[in-house]
Amino acid sequence: MNNGLSGLGALAGPSLRDKVSDWLLIEAELLDDQREREWLEKLVSKDIVYQVPLRQTVGRGVGKGFVEGAYHLVESWGSLNSKLAQAETGHSWAEDPQSRTRHFITNVRVGQPRDGRVEVRSNLLLYRTRQDEAAPQIFSGERHDVLEEAGDGFLLARRVVYLDTTAIASHNLAIIF
Amino acid sequence: MANTNTVSQKSEEVESLLQRLHEGVDHGRVPVGLYGNPAVYEQELRQVFGRCWVFLAHESEIPKAGDYVVRKIGEDDFIVTRDQEGGINVLFDACRHRGVKVARASAGNTKGFVCPYHGWTYDIKGRLTGAPLWKSAYGEMEKSDKGLLPATQVDSYQGLIFATLDDKTPPLKEYLGDMAWYLDLVFGLNEHGVEVLAPPQRFVIEADWKSGADNFSGDDYHLGTLHRSAIDIGAFPVPFAENMKGYHIQASPGHSLSFSMAGSEEEPGPRFFGFPEELSSTFDTSRISQHQLDAARMSRVFVGNVFPNFSILLLPTTDDASKHPATGMLTIRCWQPKGPGKIEAWNWFLGYKNMTPELKQRTYASGLATFSMGGTFEIDDTEPWITIARTGRSVAGEKLQMDMNYEMGLPGIGIATQIKDGSWPGPGIVYKSRFEEGVQRNLFRFYGAMMSAPKDQFPALRFETEGSDAPAEAQAQA
């Protein structure tokens with residue numbers, strides 16, 4: 001089914017879709033296996049734009065409530081690197097002991113490639129537990145990614161994470177979506 | 001009968017905790033059982049949030065007629081609106097017909113509000129304007145006394161909108177007391193003033209609102225441990241020991257603040273909280289005194305709390321020390337109570353209105369990277385607060401009568417000394433060096449006074465002896 005109704009327009013064929021889907025699953029594996037440093041250095045473009053927009057409850061017909069220019073997080077490669085460096089100092093309390101996370105990536109839609117870049121949308125369910133708490137924190141949202149072709153694979157050039165809540169049910173966002 | 005016993009047991013429990021607080025606070029003891037405690041929390045909603053001036057919004061969030069945001073006093077929703085005359089209204093979000101919430105969104109622009117139940121309709125000032133088939137349903141019924149209930153008193157200071165539900169509460173200016181001098185210093189550095197850079201971030205923490213108030217009253221000592229990793233990566237440019245230089249100030253009962261400040265021109269900066277020259281060169285005495293301007297110039301960090309739950313932080317930070325030097329960033333906070341031992345943190349970032357778009361972008365990026373809910377500082381802050389609330393509601397804490405320790409800076413403890421020689425130009429009870437917890441004792445002393453205040457009395461809003469020892473602390477020494 002490729003009727004152009006997706007926000008991405010006409011979707012890519014199965015071969016690119018498979019390749020991108022594999023990339024997303026491997027990325028999730030790295031993030032869940034405490035391999036963020038490898039993730040940053042091997043899968044992320046030095047020019048990455050990484051944003052988590054802020055959302056408000058708005059009336060029907062006036063959009064989804066994402067406020068232009070307002071964010072929970074805005075990251076560059078340098079700021080992501082700073083955060084990993086912080087976690088690696090050995091006295092970053094928020095993530096030591098580290099959260100247990102599980103990235104569930106579904107509903108993958110892959111756009112037609114253009115100039116070596118491909119737009120990808122996917123649904124994200126991120127399950128997180130801390131310390132001995134049995135109750136998880138769950139984040140649900142949609143990722144709008146741009147992957148750029150690099151050698152045999154891709155680098156993440158852009159990620160915008162549209163979360164499905166206005167108030168975040170978590171004590172921090174010391175995690176990568 | 002059993003029920004009555006439970007109620008009186010609960011109130012006895014609260015009374016006994018407050019008694020321990022009253023007796024202990026001047027000696028640096030605060031019962032941990034005040035944290036996360038359901039019975040204490042119920043009393044806080046009425047005695048603290050039902051009576052104090054509570055921060056709701058910044059005026060720049062509702063610039064145009066018809067703009068509104070939904071905010072809270074205690075746990076209750078209030079609609080903050082801007083009307084056609086430019087006035088600000090704070091309206092209890094409950095239809096006068098059956099009490100149904102009438103604001104459907106959390107922010108927007110509207111002509112008014114329609115109750116979804118039967119259609120009672122209100123204008124932006126909250127006045128009842130009609131209902132379906134009015135003549136048949138209500139005919140000549142008086143409308144003028146059936147508007148949305150406004151908060152009892154509403155006022156704003158330096159663009160900060162506050163309201164209170166109690167007519168016995170003294171006016172805002174009197175309530176803020178000498179804290180106003182310090183708010184001027186942060187929000188009034190030039191004629192333009194500040195504006196929000198975005199709507200507030202909101203996140204839920206299993207912690208007591210008092211943890212936020214306590215931390216922002218001037219808990220600088222935690223930087224060296226809790227935030228060591230953020231300092232290690234250069235997110236904040238002033239080393240821990242250096243950053244402890246400055247002043248702790250009890251501005252007025254309940255309201256405290258702290259400055260990290262260079263003691264002389266020779267001592268390291270940054271100056272003006274790390275705001276770049278292009279902005280700080282516009283700071284002047286149009287809205288503040290030369291004393292305030294001079295203090296701001298020597299300042300690296302300002303942190304403060306307006307009782308009960310409104311906090312302010314201004315300091316230099318960076319998202320990426322390898323690329324960008326730290327730049328001044330201003331955040332304001334509301335530690336919104338959301339049940340015993342639970343808060344929803346509301347977090348705004350602000351900029352001076354005359355900042356260039358690039359500078360606004362820079363200060364916002366620095367703020368998001370450090371003091372957003374995913375920021376290098378903020379992620380660690382909530383970590384201890386969660387376990388304080390857990391300790392607070394523990395049976396062990398109750399049975400073992402556990403107190404928290406706030407002795408730092410009491411006479412003979414540590415190096416902090418009270419400034420009495422007039423070398424500090426501002427008001428309040430002032431200590432030099434930030435190894436000091438009088439700022440928090442001031443918070444808890446006033447908290448205790450509010451919690452125990454009879455209905456017809458409001459606790460004293462001025463220290464008994466101006467510019468001298470807090471009388472209670474002097475007594476503690478005797």
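User: Which side chains are joined by a polar contact of 3.1 Å?

Analyst: Those of His171(A) and Gln137(A). Bear in mind that this is a predicted model.

User: What does the side chain of His171(A) reach in chain B by a polar contact?

Analyst: The side chain of Glu383(B), at 3.5 Å.

User: Where is His171(A) placed?

Analyst: In the segment after strand 6 of chain A, which covers 153-163.

User: Is His171(A) buried or exposed?

Analyst: Buried. Its relative accessibility is 7%, and the cut-off for buried is under 20%.

User: What else is His171(A) in contact with, leaving aside neighbours within four places in sequence?

Analyst: In chain A, Arg128(A), Arg130(A) and Gln137(A). In chain B, Phe203(B), Val204(B), Ile205(B), Thr382(B), Glu383(B) and Ile386(B).

User: Back to Glu383(B). Which residue forms a salt bridge with it?

Analyst: Arg130(A). The closest N and O atoms of that pair are 2.6 Å apart.

User: How many salt bridges cross the interface of chain A and chain B?

Analyst: Two, by the rule used.

User: And how many residue pairs in polar contact between chain A and chain B?

Analyst: The count is 22, with both residues at pLDDT 80 or more.

User: Which elements give two or more residues to chain A's side?

Analyst: Strand 2 (66-75) and helix 3 (77-87) of chain A. Strand 2 gives the largest share, seven residues.

User: What classes of residue are on that side?

Analyst: On the side of chain A that touches chain B, 15 are nonpolar, 17 polar and three charged.

User: New topic: area. How much do chain A and chain B bury between them?

Analyst: About 2900 Å², with 55% of it on carbon and sulfur atoms. In chain A, Gln86(A), Trp93(A) and His171(A) lose the most area to chain B. Together they account for 21% of what that side buries.

User: How many residues does the contact take from each chain?

Analyst: 35 from chain A and 36 from chain B.

User: Now helix 12 of chain B. Which of its residues are buried?

Analyst: Glu383(B) is one of them. The list also includes Thr382(B), Trp385(B), Ile386(B), Ala389(B) and Gly392(B).

User: What do the buried residues of helix 12 pack against?

Analyst: From chain A, helix 3. From chain B, strand 13, helix 6, helix 7, strand 18 and helix 11.

Conventions
Residues numbered from 1 in each chain as written. Chains lettered and ligands numbered in written order. Predicted model: local features only at pLDDT ≥ 70, side-chain atom pairs only at ≥ 80, totals over all residues. Heavy atoms only, no water. Contact = heavy atoms within 4.5 Å. Buried area = accessible area lost by both parts, 1.4 Å probe. Salt bridge = Lys/Arg side-chain N within 4 Å of Asp/Glu carboxyl O. Polar contact = N/O pair within 3.5 Å; in protein donor to acceptor, adjacent residues only side chain to side chain. Helix = DSSP H or I, 4+ residues; strand = E, 2+ residues; numbered from the N terminus. Nonpolar A, V, L, I, M, F, W, Y, C, P; charged D, E, K, R; others polar. Buried < 20%, exposed > 50% of the residue type's maximum accessible area, 1.4 Å probe, protein only.
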